Amino acid sequence: MKAKKRVVTSGKERPVEKPKRRPTTRTIRSALVGPKPAKGSRPGPPQVAAPAVVPPVAALGGPALVPPPAGPRARRPGELDPAAVDLRADLGRGLVLANPVLVASGTFGYGVEYADVVDIGRLGAICCKGTTLNPRLGNPPPRVTETPAGMLNSIGLQNPGVDAVLERYAPLWAGWSTPVLVNVAGESIEEYVGVVRRLEGVPGVAGIELNISCPNVGKGGLQFAIDAEAAAAVTRAVRRVTELPLIVKLSPNVADVRPIATAIAAAGADALSAINTLSGMALRPDRTGPFLGNTYGGLSGPAIKPVALRIVYEVTQVVDIPVIAIGGITGLDDVLDFLAVGAVAVQVGTAIFADPGLPVRLVDELRRQCAVDGHGSYRPLIGTALPRRPGAPSARGAEYRP
Amino acid sequence: MTMRLVDAELLESREILPGQFLQHYHAPALATAARAGQFVHVRTGDWSGLVLRRPFTINTVDRATGVLSIHFREVGRGTAWMSRLRAGEQLSMLGPLGQGFQLDPRSRHVLLVAGGLGVADVRMLADEALADGRQVVLLYGCRAASEVYPSSLLPDEVEYLVATEDGSVGHHGLVTDLVTDYEAWADQAFACGPLPMLAALARLAAGRKARLGVATLGRKRGGGRPAVIGSPAARRKAFLQVALEQHMGCAVGACLGCAVWGVAGPQRVCREGPVFAADEIDWEATVGGATGKR
Ligand SMILES: Cc1cc2nc3c(=O)[nH]c(=O)nc-3n(C[C@H](O)[C@H](O)[C@H](O)COP(=O)(O)O)c2cc1C
Ligand code: FES
C-alpha cells in the first residue's frame, strides 16, 4: 500500500465541504465544544448537538435513505449506517480532521516509514518527530527498553533540523490528504520561534504541535512545561509569528497541570494535547548502572493511561479549547474513555510499534460503535464522564494524592 | 523492497541447544523477499503486557515452500512465550526489514565469524554464498562444548571450525584467534556476535591490508571514485561486514530508538543496518555505551 493521494482518500471519507485550513479570523471556540460556559460552570457534556448533516433515517424506521449495510449482519432498529457517521474533529483555527485518531510524535517518524503497511490517507493526522532549529544527534544508545506494560525512550530529539525536514518531507506531505502537524522543540523561546517562522506558509505543514517538555536553557534547564509562566511565554511568542493552528503538548511531570493548561490557553493556543511521556528509568540486567545511555527516559504505553486519563479529565474542565488525549491507547475502549473525559481527539503512540494497523482500525471501530449506538456523530461520546456541576477548581492541586 | 505485515504459522519448533530454539514458520511473502542479514519484527502474545515486538534475524528461508526460520535464545518473557508456541499457532511478523549482507559477485572465498547466537545472523548467508559456488568457512565461538552449534544444521560444503573459551572442544580460546589463519584466504568476511568480539574483528580488519601487503594487489575492486559511506557498493568493498543488534521500538526507521554511534553520526540498526561495514561504526563509543549483554 502506498500513501494515498489527496483525491483518492478524500473520496473515501464522507463528502464534506472542504475545511478551510487557514481562515484569516480566529475561531475563538471550536464548534465541538459548544457555547462558552459562564465562568466557573461547565455545560452538561452531552448537550452538544450533533450536526444536522446526518439524517436520523434509521431511527425513524422509515425506508433507508442510506445505502444498504456492507457489514455481515443486518442493522437493528436505531442503528445507523457506519459510513454515515460524522467523525470530523475540529481542532480550531480551521483545522478540521477527517477523523479524531492521530498518530503521536516520535512514534510515526515523518509519515513515510510505515507507508508500506499503513494506509496513511485514513489517519486523522500525523504528528511528525520533534523538530528543532539545528540538527541534533540525539542521546547515546541504548535509547529504548521495554518495561511492564510500557516502554522507556530517551531518543534525545534526534532530527536533521527544520530546514532538512521541510526539504525532505514537506513536498510529500503537500500531496497527502492527511494533515501533518510538525512537532516543534527547542531550548529557548528564540529557537521555538525560529522553527515556527520557517514552517509558516510551507505547503504540506497543516499545523504545529509545540513540545514544551524541553529544558529551557535560559531558565537553568527548567522545562517550559513545568512552569506556567514559561509555558505561556513560549506559546505567546510562537502565536505571534504564526497563523497556523497551534497545539501545545502538556507534560505529566508536574504537580498540578491545570494552571499550566489555563495559562497556555490564555496565551493563544488553539488546542492542547496531553500527555507527553512520564520521566522514569531502568537498570542494566546486572544492576551495574542505568540501562539507558541517557540514564532517564520517558515512559509510554498502557502503563501511563491512568495518568493520562486523570490529566485529560483535569484539563478539559478548566480550558475551553479542544484537548487531544495521548497516553497508552491500545484499543477502542481507551479511545472511548478519553472522549468521555472531554477529549475531542486522540493520538496513538507506542501501540503502533506492536500493531501498526491500530490507528486506522480504531477509526473504523469508532465509526461502527457510533452507528450501533445510533449516534450520527461521535460528539455525543465526548465528556460523558465529566462531573455535571464541578466545584471550584482546587487550590491545592490534585487533592486525591495520598 | 516492500515490507509486509503477515500472520505466520508455526510449522515446527525445536530446542536445538539448551534454551535455544529453532522455529520454522510458513510466511511465503517474507521468505520470497528476504535477503541474508535481514530480520523480522515479531509480535508476542498480548496477555503478557509486552508492548514491543521482538526483532529476529531471518535464519534460513526456503523459497520453494515459503518457509522461514528463526533461531533465538529464551532470554525473557517474550521469547519464553514464543518457545511455548505449538505448531499450527500463528504470530504476526513484520518484514523483511533492514539492509542485508552485501556479497561481492567477485568474491570466491567467504569467511563467516559467529559468536554464540550470532550464528543465526550469518547462517542464511552461507546458503546464499554456496548457491553462487563460493567457498565458505564458518568460525564459531562459544563458552563450552554444550553450546556448540550443531554441524547438522549447516550445509555440508561449509568448512566449520569451533573455538570454546573453556577448551572443551576445538580451539581453546576466542574465535577471533582463528581469524588470522583465514584473513589472507578470504575475499570478504561477515560477522555477528557480542560487541567486544565484533570490535576485535574490526581492529583486525583495519590492520589487514598492511599485514598482507601485496596480497591485496591485483584485486581490482570497483576502482575509480570511492563509494558513498554506508552504500551497498562501499559495504561490498569493505573486507568486514558486521550485523549489529540493538533494542528496537518500531524496526522501520520511525522512532530512532535503535541507534548506534557510527563514524558519521547515529545510525539506525533497523534501517541503515543491521549490517554495516565495520569501518562505519564508532567502536569505542558503541562498545563503551552498550550493556555488553546479548
Ligand atoms: C520513541 C518515542 C519517541 C517520542 N518522541 C517524541 C517527540 O519527539 N516529541 C513529542 O512531543 N513526543 C514524543 N514522544 C511522546 C509521544 O508522542 C506520546 O506523547 C507518548 O508516547 C504517550 O503516548 P503512548 O503511550 O500512546 O505512546 C515519543 C514517544 C516515544 C515512545
Ligand atoms: S527501531 Fe525505530 S528507528 Fe529503528
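1. A:Asp355 is found in the loop between α9 (351-354) and α10 (358-372) of chain A. Helices (H or I, at least four residues) and strands (E, at least two) are DSSP runs, numbered from the N terminus. The model is predicted: local features need pLDDT of at least 70 and side-chain atom pairs count only at pLDDT 80 or more, while totals for chains, interfaces and linings use all residues. Residues are numbered from 1 along each chain as its sequence is written, chains are lettered from A and ligands numbered from 1 in the order in which they are written, and side-chain values use heavy atoms, with hydrogens and water left out.

2. A:Asp355 counts as buried because its relative accessibility is 13%; buried means under 20% relative accessible area, exposed over 50%, and partly exposed in between (1.4 Å probe, protein chains only). Not counting residues up to four places away in sequence, A:Asp355 touches A:Arg361, B:Arg43 and B:Arg53, where contact means heavy atoms within 4.5 Å. With A:Arg361 there is a side chain to side chain polar contact at 2.7 Å. A polar contact is a pair of N or O atoms within 3.5 Å; within protein, one must be able to donate a hydrogen and the other to accept it, and residues adjacent in sequence count only if both atoms are side-chain atoms.

3. Between them, chain A and chain B bury about 2800 Å², with 64% of it on carbon and sulfur atoms. Buried area here is the accessible area (1.4 Å probe) that two parts lose on being put together, summed over both. On the chain B side, B:Val51, B:Leu256 and B:Trp261 lose the most area to chain A, together 21% of what that side buries. The contact takes 35 residues from chain A and 32 residues from chain B.

4. The ligand 1 site is shared between chains, because residues from chains A and B surround the ligand. Of the 23 residues around ligand 1, those that come nearest are A:Ser105, A:Lys249, A:Gly301, A:Gly328 and A:Thr350; a residue is near if one of its heavy atoms lies within 4 Å.

5. A polar backbone atom of A:Ser105 is 2.7 Å from an oxygen atom of ligand 1, and a backbone N or O atom of A:Ile275 lies 2.9 Å from an oxygen atom of the ligand. A polar side-chain atom of A:Asn211 lies 3.3 Å from a nitrogen atom of ligand 1.

6. Chain A has 10 helices and 16 strands, and 58% of its 402 residues count as buried.
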